[in-house]
Amino acid sequence: MDPGTITLLVVGVLFVLFLAGMPIFGALGMASVTGILLLQGVDGLGAIPGVIYDRMSGFTLVAVPLFILMGEIIFVSGLGADIYTATSRWLSGLRGSLGMASVAACAIFGALCGVSVAGAATIGKFAIPEMLKRGYDRRLATGCVASAGGLALLIPPSVGLILYGLVANESVGLLFIAGIVPGVILALMMMGWIFLVGRFRPDAVGAGETAVTWAQRWESLWRIWPVIVLIAMVLGTIYLGVATPTEAAAIGSLGAFLVALARRKMTLPTIARILRETMVNTGMILAILASALVFGYLLTRLRVPQDLVIFVTQSGLSEITLLIGIFALLILMGMFMDVVSVILIATPILLPVIKAMGHDPLWFGIVMAIACEMAVITPPVGLNLFVIKGISPDEVTLGDVTRGAAPFVLVLIAGLALFVAFPGLVLWLPLLSL
């Protein structure tokens, strides 16, 4: 059977299994095995253990469970409330300050755990009731938190960037450094949108904010000193070359544990829940990673990436047209798959095309993360939308959350266009660290 026919059959099997409700890792694994059997026969299956072991035995991968553990510890530590209090007090006095504070708090929380759902859920528990109490429009109140939670996919330490680095064979440390400036810019763009809403639609941001004294501002800042220390421990050690991302993850996990212990949050049932959630989430990610690696191996043997490169170089299409097509594909995939699956499936297919176009793989990892941010707030599988609906008061509908997140999708698209037009915004900091 020729490779083209096998490719079509594998894609067909994959979509049938997806529609049947099979988990992502199972669908990828079965489709991959089917393709290998058709291409190489039973003997070809002998390559699977080597393919999986080659990438999954690396020291870098240990950072994934460690950062997930760190996020789970921070989730129960109570730091989320302190972060939100500090950002809301420092932004007090601006129209829409509570909404902007929610975005800033999600960005800071994302710099601690790297998991979008955790940030959206933690900050949303405090921010959404407070905004609704102050008369905020339900769509704005819920949409800004759901969208800002996705910043954790970009702002280091991002689990998504770790997985991209493994599949793309790129430095995770440099990816982390490259995500800092775009993450800050996107957070500011989201806050800018809320400011404009408050300026031109004052009814959407409710009544005036409660007056806050400078003493209260400084007091709230003092309460989040552990946050500053933890971020410095993780990102500072990576940027200065003191620790690898894996070592930094271990340092951060230990630091988060000590903070939670000092706050008397680490009871035995809590520790058991933290370890259970860490194992479940890690197991899910590693299962998808293993099956995606085999899928990538099959695609390479079928010459799918190579043929795509030939098509791109000979198509005569403009670069911007090709990039729009690539980003549209990523957003479409994200509408039906989780972020981890999008990164692991799309990277081995699209990265050769990006390299053939002359773009830096570090840059592509960051813009891919931005496209995946849209995935967590676009139906039908926008996970953050369901999380925010679950923690919101009963009067808030899923439609409210979805419509509230829609303007922030446009903000992300504008940010994506900015980083495509000016790739130096992504690359200058990692180049500076070399």
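User: Which side chain has a polar atom 3.2 Å from the backbone nitrogen of Leu 161?

Analyst: That is Ser 158. Keep in mind that this is a predicted model.

User: What makes that pair a polar contact?

Analyst: The cut-off for the N or O atoms is 3.5 Å. The distance here is 3.2 Å, so the pair falls within the cut-off. The side chain of Ser 158 also reaches the backbone nitrogen of Gly 160, at 3.2 Å.

User: Where is Ser 158 found?

Analyst: Ser 158 sits in the loop between α8 (138-149) and α9 (159-168).

User: Why is Ser 158 called buried?

Analyst: Buried means under 20% relative accessible area. Ser 158 has 0%. Therefore Ser 158 counts as buried.

User: Which residues make the nonpolar surface patch of about 490 Å²?

Analyst: Phe 195 is one of them.

User: Which residues of helix α19 (residues 383-391) are buried?

Analyst: They are Asn 384, Leu 385, Val 387 and Ile 388.

User: How do you know that they are on the same side of α19?

Analyst: Look at the arc around the axis. They cover only 165°, so they lie on the same side of α19.

User: What do the buried residues of α19 pack against?

Analyst: They pack against α7 (116-133), α8 and α20 (398-421).

Terms used:
Residues numbered from 1 in each chain as written. Predicted model: local features only at pLDDT ≥ 70, side-chain atom pairs only at ≥ 80, totals over all residues. Heavy atoms only, no water. Patch = residues over 30% accessible without salt bridge, like charges linked within 9 Å, V, L, I, M, F, W, Y side chains within 5 Å. Areas by Shrake-Rupley, 256 points an atom, 1.4 Å probe, with all protein chains shown as cover. Salt bridge = Lys/Arg side-chain N within 4 Å of Asp/Glu carboxyl O. Helix = DSSP H or I, 4+ residues; strand = E, 2+ residues; numbered from the N terminus. Buried < 20%, exposed > 50% of the residue type's maximum accessible area, 1.4 Å probe, protein only. Polar contact = N/O pair within 3.5 Å; in protein donor to acceptor, adjacent residues only side chain to side chain. Arc of directions from axis to C-beta. Contact = heavy atoms within 4.5 Å.
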